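Welcome to a short tour to follow in your viewer. Open the model, keep your selection tool handy, and we will go from stop to stop together.

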Amino acid sequence: MSELESMIRDVPDFPKKGIIFKDITPLLATPQGLAGATEAMAAPFLDRQIDLVVGIESRGFIFGTTVAMALGAGFVPIRKPGKLPAATASASYDLEYGSDSIEIHADAVRKGQRVLMLDDLLATGGTMQAACGLVEKLGGRIVGVSFLIELAFLDGRKKLANHDVHSVIVVSY
Ligand code: AMP
């Protein structure tokens, strides 16, 4: 197990029975964890001329901003409905039961800007697939997708098949 992986805490049955929640707060609480995870998430994109890092609420905001600083890029948040104050674009996506939606400021990404999409964890991939669709609708060019953790057994990568996806920690059980 890598040093970074050892700083992630498994919390069984949260937020509901049967889910093993990957708690990144112990990693965030150490300087080595925060810096190490930021460096590892940014590394594949250092020479890719990223203009913007787009992070998904809420844990995508943490590494979204640190990785943006590491890449010399700006940061744009994707939020749950009703949180962003100006005009938005929105997308809905299916969950196991029901559906959810996300929003981005309509003027947050300009046509042709080079974008790195980022979240803490890839599970089924539905959230990131919808987020990528939103950024592409605004004319952004998605250069890559970065996660700290990938739950490989859920095959979320399949939903992002047309993108360059990097995960620092791959969990395959
Ligand atoms: P998905 O759309 O299924 O890929 O879900 C991804 C989103 O749900 C991410 O924003 C994650 O933070 C969160 N998530 C899903 N499963 C877990 C898990 N086992 N532990 C922590 N966060 C999770």
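This is a predicted model: local features need pLDDT of at least 70, side-chain atom pairs count only at pLDDT 80 or more; totals for chains, interfaces and linings use all residues.

**Stop 1: around the ligand.** Now switch to a cartoon view to see where the shell comes from.

**Stop 2: polar atoms facing the ligand.** Start with Thr 124, where a polar side-chain atom lies 2.5 Å from an oxygen atom of the ligand. Next, pick Ala 123: one of its polar backbone atoms is 3.0 Å from a ligand oxygen atom. Then move to Ile 20, which places a backbone N or O atom 2.9 Å from a nitrogen atom of the ligand. How much of the ligand's accessible area does the protein cover? On its own the ligand has 490 Å² of accessible area, and the protein covers 81% of that.

**Stop 3: the pocket.** Show the protein surface next and look at where the ligand is placed: it sits in the largest pocket. The volume of this pocket is about 1300 Å³. Select its lining and you will have 36 residues, with Leu 95, Leu 121, Ala 123, Thr 124 and Thr 127 lying nearest the pocket centre. Strand 2, strand 5 (88–94), strand 7, helix 5 and strand 8 (141–151) are the elements that each give two or more residues to this lining. By type, the lining holds 18 nonpolar, seven polar and 11 charged residues.

**Stop 4: the backbone.** In the loop between strand 1 (9–12) and strand 2, select Pro 15. The peptide bond leading from Phe 14 to Pro 15 is cis, with omega near -5°. Further along, find Gln 49 in the loop between helix 3 (31–42) and strand 3. Gln 49 is not a glycine, yet its phi is positive, at about 50°. Finish at Ser 58, in the loop that runs between strand 3 (52–56) and helix 4 (59–71). Which kind of peptide bond joins Glu 57 and Ser 58? That bond is cis, with omega about -10°.

Technical notes:
Residues are numbered from 1 along each chain as its sequence is written. Side-chain values use heavy atoms; hydrogens and water are left out. A polar contact is a pair of N or O atoms within 3.5 Å; within protein, one must be able to donate a hydrogen and the other to accept it, and residues adjacent in sequence count only if both atoms are side-chain atoms. Accessible areas come from the Shrake-Rupley method with a 1.4 Å probe; for residues, only the protein chains shown count as cover. On a 1 Å grid over the protein atoms alone, a cavity is a set of points where a 1.4 Å probe fits but cannot get out, and a pocket is an open set with protein on both sides within 12 Å along at least five of seven lines; lining residues have an atom within 4 Å of a point. A molecule sits in a cavity or pocket if more than half of its atoms lie within 2 Å of its grid points. Grid points are joined across faces, edges and corners, and a volume is the space filled by probe spheres set on the points. Helices (H or I, at least four residues) and strands (E, at least two) are DSSP runs, numbered from the N terminus. Ala, Val, Leu, Ile, Met, Phe, Trp, Tyr, Cys and Pro count as nonpolar, Asp, Glu, Lys and Arg as charged, and the others, Gly among them, as polar.
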